[in-house]
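Subject: Structure handover and notes

Dear colleague,

I am passing on the structure below, together with some notes on what was found in it. Please read the notes with the structure open beside you.

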Amino acid sequence: MDNIALIDLLNQQKTLPLADLTRLIETADEKDRQYAADLAADISRSRFGMDIFTRGIIEFSNYCKNNCYYCGIRRGNGQLERFRLTKEQILDCCHIGYHLGFRTFVLQSGEDEYFTDDKMVDIIRTIKSSFADCAITLSLGEKQRSTYEKYFAAGADRYLLRHETANPQHYARLHPPDLSLANRIRCLRDLRDIGFQTGCGCMVGSPYQTAENLAEDLLFMADFKPHMVGIGPYLPHRDTPFRNMPPGSVTKTLLMLSLTRIMLPPVLLPATTALGTAQQDGRILGILAGANVIMPNISPLNIRNKYELYNHKLGIHSDAQESANILRRQVEQIGYRLRIDRGDYRN
């Protein structure tokens, strides 16, 4: 069976055997990738029309207790100037974002133990009381179930926690021994059970990754059925053990986006900042490959370069207004439109 027939079969069955997915990812040529992208974009348009949902990212702390080998804000990076935003600064970002049309705020940080459950609950409740028509997405890493329950009770709607890789051995090569894939999957299952719209996702081209690893990611997502999936290329950071590793492929990332959309038609699928960093038109190509979400940065301009997960991160020199205007023009040039909406998951 050729690759186009495999893509059609994936569209019919929403899954494929590991060996077939591996071969598809490993051998897809430009014609195959374009076929997958066109099919995925058609599926996305049939679900969401020409609307692209926007989320305003607020990066509020680059402190992290973890030492992941690929990440620029890892605990062991002594070259990084650390920062934390105050509750008032976070709310200022929300006010700016609301004025620009954002109806979802994504609060993202390293795993910073300064932000206790009580502090985060207070921040979530205050945002919810000030912006009642908005959704709150959290991306704060691995927590105990009781912590996630407090966040949900306070009003948080969604939680992003990329699984990074579904292969335990590969996971162990990307993380120190105190972190495990089993615990990350436990977190994802807790989040979904509690009631969060839950997002997972992977890095494409991360060190030591194989095509079979990416196929395993797709099979994990087919089984887990997340509400959101974040997929971006691996990009190295100069102050990590992986500083000399090559970046992930944009074309393979776009293929993974397309296969994810084909496999999970209703999923909320961002064209990520990493994709836009890897290639100037990466986020637009992501939309054309089946993505339906864009997440511009609305953090204060003076701290953007300090939340650097990888080198040369996109958007650190443009304020929230400028970033939104640029995105709007780019999206409209390909016939889509940014939608002022919470953009909730709907099956």
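The model is a predicted one, in which local features need pLDDT of at least 70 and side-chain atom pairs count only at pLDDT 80 or more, whereas totals for chains, interfaces and linings use all residues. Residues are numbered from 1 along each chain as its sequence is written, and side-chain values use heavy atoms, with hydrogens and water left out.

The sheets

Helices (H or I, at least four residues) and strands (E, at least two) are DSSP runs numbered from the N terminus, and two strands are taken to pair if DSSP finds at least two bridges between them. On that basis six strands form an open sheet with parallel pairing, in the order β2-β3-β4-β5-β6-β7. The edges are held by β2 (56-61) and β7 (228-233), and because each has a single partner strand, one side of each is left without a neighbour in the sheet. From one strand to the next the twist averages 20 degrees, where axes are lines fitted to C-alpha atoms, for helices over the stretch in contact, and angles run from 0 to 180 degrees between N-to-C directions.

Although β2 stands at an edge, six of its six residues are buried, buried being under 20% relative accessible area, exposed over 50% and partly exposed in between, with a 1.4 Å probe and protein chains only. Five bridges join β2 to strand β3 (residues 104-109) in the parallel sense, and Ile58 stands opposite Leu107 in β3. Further along the order, strand β5 (residues 158-160) pairs with strand β6 (residues 197-204), also in the parallel sense, over three bridges, with Leu160 opposite Gly199 in β6.

There is also an open sheet of three strands, with parallel pairing and the order β8-β1-β9, in which the edge strands β8 (293-294) and β9 (337-339) each pair on one side only. Strand β1 (residues 51-54) and β8 are joined by two bridges in the parallel sense, and the bridge partner of Thr54 in β8 is Ile294. Helix α13 (residues 320-333) lies across β1, β8 and β9 and runs at about 130 degrees to β9, contact here meaning heavy atoms within 4.5 Å.

A residue in β4

Ser139 belongs to strand β4 (residues 135-139) and counts as buried, since its relative accessibility is 16%. If neighbours within four places in sequence are left aside, Ser139 is in contact with Leu107, Gln108, Ser109 and Leu160. The side chain of Ser139 also reaches the backbone oxygen of Leu160 at 3.5 Å; a polar contact is a pair of N or O atoms within 3.5 Å, and within protein one must be able to donate a hydrogen and the other to accept it, while residues adjacent in sequence count only if both atoms are side-chain atoms.

Aromatic rings

Rings of Phe, Tyr and Trp (its six-membered ring) pair if their centres lie within 6.5 Å, and planes under 30 degrees apart count as stacked, over 60 as edge-to-face and the rest as tilted. The count by this rule comes to 11 aromatic pairs. One of them is the edge-to-face pair of Phe48 and Phe53, at 6.1 Å centre to centre with 85 degrees between the planes, and both of these residues are buried. Tyr159 and Phe196 form an edge-to-face pair too, at 5.9 Å centre to centre and 75 degrees between the planes. This pair links distant parts of the chain, with Tyr159 in strand β5 and Phe196 in the loop between α8 (181-194) and β6, 37 residues apart. Tyr159 is buried at a relative accessible area of 0%, and Phe196 counts as buried at 1%. Ring pairs also link Tyr148, Phe152, Tyr159 and Phe196 into a cluster.

Two backbone angles

Lys14, in the loop between α1 (3-13) and α2 (18-27), has a positive phi near 65 degrees although it is a residue other than glycine, and it is partly exposed at 27%. Glu164, in the loop between β5 and α7 (168-174), likewise has a positive phi, near 75 degrees, but counts as buried at 6% relative accessibility.

With best regards
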